[in-house]
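Dear colleague,

I am handing over the structure below, together with notes on what was found in it. Please read the notes with the structure open beside them.

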Amino acid sequence: MSYLYFPGCTLKDKAASVMEKTALQAAAELGLPLEEIDQWQCCGAVYPLTDDELITLVSPSRTLFAAKDRPVVTLCSACHHVLKRTRERLAADKDARDKISSFLEEEYPGETPVLHYLELLRDELGWDALKEKVKLPLEGRRLAAYYGCMLLRPAEEMAFDDPERPRIMEDYLQALGAEVITFPFRNKCCGAYLAVTEKQVMEDTSNNIVNMALEYGAEELTTACPLCRYNLEQTPAVKEGKIKISYFSEPLAEALNLEAQEALR
Amino acid sequence: MQKQDNAANKLHSEIMERSGQDFYNCIQCGKCTAGCPVVSAMDLLPREVLLYLQMGQEEKLLNSKTPWICASCFTCGARCIKDLDLCRIMEAIRVKILRPRGAECLSPGEIPRELLEKLPQQALVSGFRKRTR
């Protein structure tokens, strides 16, 4: 079975060669081919948090309507957050569903499954199967996972992992053969879009996270969010080369010895 | 005076309706504030936002930096023992300021070109979504 893939804005630009290319090649190698959704639109990057704001749900709804009942796979944490929560809202709120359906002049196709790439690996492939596919285990590499906010919270809607004690990314890195470092602050906010207007606030939050990971002995911090990556990379520790920030698909490309890892060098 | 009270009442119920959160359930335990990653930059603590709502002093919130510092990370909501989603209340306050005035709290001209070129698209889309109508 093939899955639909929703790239989102950053994956087609700033993160294209690194996150998208490595993840798509790895998916093909693992027997989980991803087919890009035709005519996709930006998800909106943030989920609207007031009950009376429906217009910003239109764009992510178009993606879900276009997918019908085929599972949609996401890579970016923000896209995943918005699409997943829109799916939940459409499923639970008949009034919102009817209004959006009427605005789009399309019949609500039912509950489209929305899966993050990591969920695809965990739930469709399984960690043991992933481990078997690894050609170059990342032995001795001290990797830490940084979850951030969007994948985990609100837990009732995201249903991704335990919001305070997640393990999916650690299990994943372990399957790739890395020495996994679990550190506090892995689910603490990096400052997100405050990077645009409140640079100092973002630098403080990101510094706390990176310094904690260093203190726990990590040499690389891996994330699924392009904005988290950008923010964490603005810290002195990263600029001085003490620790590296990567997308979660980079260690995968390395472990599977894919061509796409050339782009990482 | 009467007129002011009505305006305050209206604001009070608008925030409750738009956020869908009954802030009277807050018992002021402070877990939201303890876990907030950006609290040090706020002029009102997350707990105080709820307190002022309960006391009917919403005007304080409209002039506060706090709703604009909140990064919608949902940590407060994940830890609230009364199941309140404070991020929704912060958004209702931002929306209250942005919608009627139609005033943009961020315009592209304010962002230095160098930063524009560096920032991931996601930062710009989310930044503008949170600070403009």
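Within chain B, four residues of domain 1 are in contact with four residues of domain 2, where contact means that the C-beta atoms, placed from the backbone, lie within 7 Å. Domain 1 of chain B covers 2-102 and domain 2 covers 105-133, with bounds that come from an automatic or database domain assignment. The centres of these two domains, taken over C-alpha atoms, are separated by 24 Å.

Please bear in mind that this is a predicted model, in which local features need pLDDT of at least 70 and side-chain atom pairs count only at pLDDT 80 or more, while totals for chains, interfaces and linings use all residues. Residues are numbered from 1 along each chain as its sequence is written, and chains are lettered from A and ligands numbered from 1 in the order in which they are written.

Helix H9 of chain B (residues 121-131) has eight of its eleven residues buried, so it is largely enclosed by the rest of the structure; a residue is called buried if 20 or more other C-beta atoms lie within 10 Å of its own, again with C-beta atoms placed from the backbone. Among the buried residues of this helix are B:Leu124, B:Val125 and B:Phe128.

The contact between the chains takes 35 residues from chain A and 33 residues from chain B. On the side of chain A that touches chain B, helices H9 (194-197), H10 (199-215) and H11 (226-233) of chain A each supply at least two residues, and H9(A) gives the most, with four residues. Helices (H or I, at least four residues) and strands (E, at least two) are DSSP runs, numbered from the N terminus.

Chain A as a whole has 13 helices and eight strands. Of its 265 residues, 52% count as buried, and its C-alpha trace spans about 55 × 45 × 30 Å along the principal axes.

Chain A also contains an open sheet of four strands in the order E6-E5-E7-E8, with parallel pairing, where two strands pair if DSSP finds at least two bridges between them. The edge strands, E6 (179-181) and E8 (244-247) of chain A, each pair on one side only. Strand E7 (residues 220-223) of chain A pairs with E8(A) in the parallel sense over four bridges, and A:Glu220 stands opposite A:Lys244 in E8(A).

With best regards

Conventions: Two residues are in contact if their C-beta atoms, placed from the backbone, lie within 7 Å. A residue is buried if 20 or more other C-beta atoms lie within 10 Å of its own, exposed if 12 or fewer, and partly exposed in between; C-beta atoms are placed from the backbone.
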